[in-house]
Each structure stands twice: as C-alpha cells, then as structure tokens.
Amino acid sequence: MLDTREAAPLPRWLDQLTTSGLSPLVGMAKALREDQHAVARGITTHHNSGVNEGRITDVKLQKRLMAGRAGIPLLRDRVLLIAHLRRRDADRPTLTPR
C-alpha cells in the first residue's frame, strides 16, 4: 500500500489484522479504524512529516541518554552527527527492488 500509495486494500488489511487473533495486531487495527479516513489520506498523499518526526525522536533520545551528564555543546554535536548519518544512509536502499 505504501509503495504504490494505494489505500484501497486498507479495509481488507485491517480485517486480516482483526481476525489474526494476535491481540497487539487487533488493537492496532482497532486504533487505525477509528481514524481510517486520515490513515487513507496519509497513505495516498505525497506530503508527510516523517523526516521531522524522525529528527524530533533523535533529539529526544539523545536528551534522555545524556540527562544531566553533558551540556548543550555535546548534545548539539551528537544531534548533528546523527543527522549526518541519517542523510548518508538515506542514499542506501533499504529494500531490494522488485
């Protein structure tokens, strides 16, 4: 669905999750169904906030790892290093082409 930006299979996929019998998947399907319209829009639109969310997650992780142990200069250097590594690795394919 995400590769082709096609949301039509979403209801069937959610049905499969619901009937899987695995409680984490059933719970996820229930949560996605509550706002299925927004999930479908997220699949089909070309715009997303994934990069921003990733950066925010990186900063929060570093902040928690270094809580009270270092100052702003070290935190800044680590955040910049992680951003550099993400950009460098973004050029590498994560999935094998079909």
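Guide: Helices (H or I, at least four residues) and strands (E, at least two) are DSSP runs, numbered from the N terminus. The model is a predicted one, in which local features need pLDDT of at least 70 and side-chain atom pairs count only at pLDDT 80 or more, while totals for chains, interfaces and linings use all residues. Residues are numbered from 1 along each chain as its sequence is written, and side-chain values use heavy atoms, with hydrogens and water left out.

Visitor: Where is Asp58 placed?

Guide: Asp58 is in helix α4, which covers residues 50–65.

Visitor: Buried or exposed, and why?

Guide: Asp58 counts as buried because its relative accessibility is 11%. Buried means under 20% relative accessible area, exposed over 50%, and partly exposed in between, with a 1.4 Å probe and protein chains only.

Visitor: Which residues is Asp58 in contact with, leaving aside neighbours within four places in sequence?

Guide: Those residues are Ile82 and Arg86. Contact means heavy atoms within 4.5 Å.

Visitor: What does Gln62 touch, not counting residues up to four places away?

Guide: Gln62 touches Leu75, Arg78 and Ile82. Gln62 also belongs to helix α4, and it is buried because its relative accessible area is 4%.

Visitor: Changing topic, how many helices and strands does the chain have?

Guide: The protein chain has five helices and zero strands. From the N terminus the order is α-α-α-α-α.

Visitor: Which residues make up the largest nonpolar core?

Guide: It consists of six residues: Ala7, Leu10, Leu14, Leu17, Ala29 and Ile43. Helix α1 (residues 10–18) supplies the largest share, three residues. A nonpolar core is a set of buried Ala, Val, Leu, Ile, Met, Phe, Trp, Tyr and Cys residues joined through side-chain atoms within 4.5 Å.

Visitor: And what does Leu14 touch, beyond residues up to four places away in sequence?

Guide: Leu14 touches Ala29, Leu32, Arg33 and Gln36. Between Leu14 and Gln62, 48 residues apart in sequence, the C-alpha to C-alpha distance is 35 Å.

Visitor: Glu34 next: where is it placed?

Guide: Glu34 is in helix α2, residues 23–34. Glu34 is exposed because its relative accessible area is 63%. Its C-alpha atom is separated by 37 Å from that of Leu80, 46 residues apart along the chain.

Visitor: One last residue. What is the phi of Arg5?

Guide: Phi of Arg5 is near 55 degrees, a positive value in a residue other than glycine. Most residues other than glycine have a negative phi. Arg5 lies in the segment before α1, and it is partly exposed because its relative accessible area is 31%.
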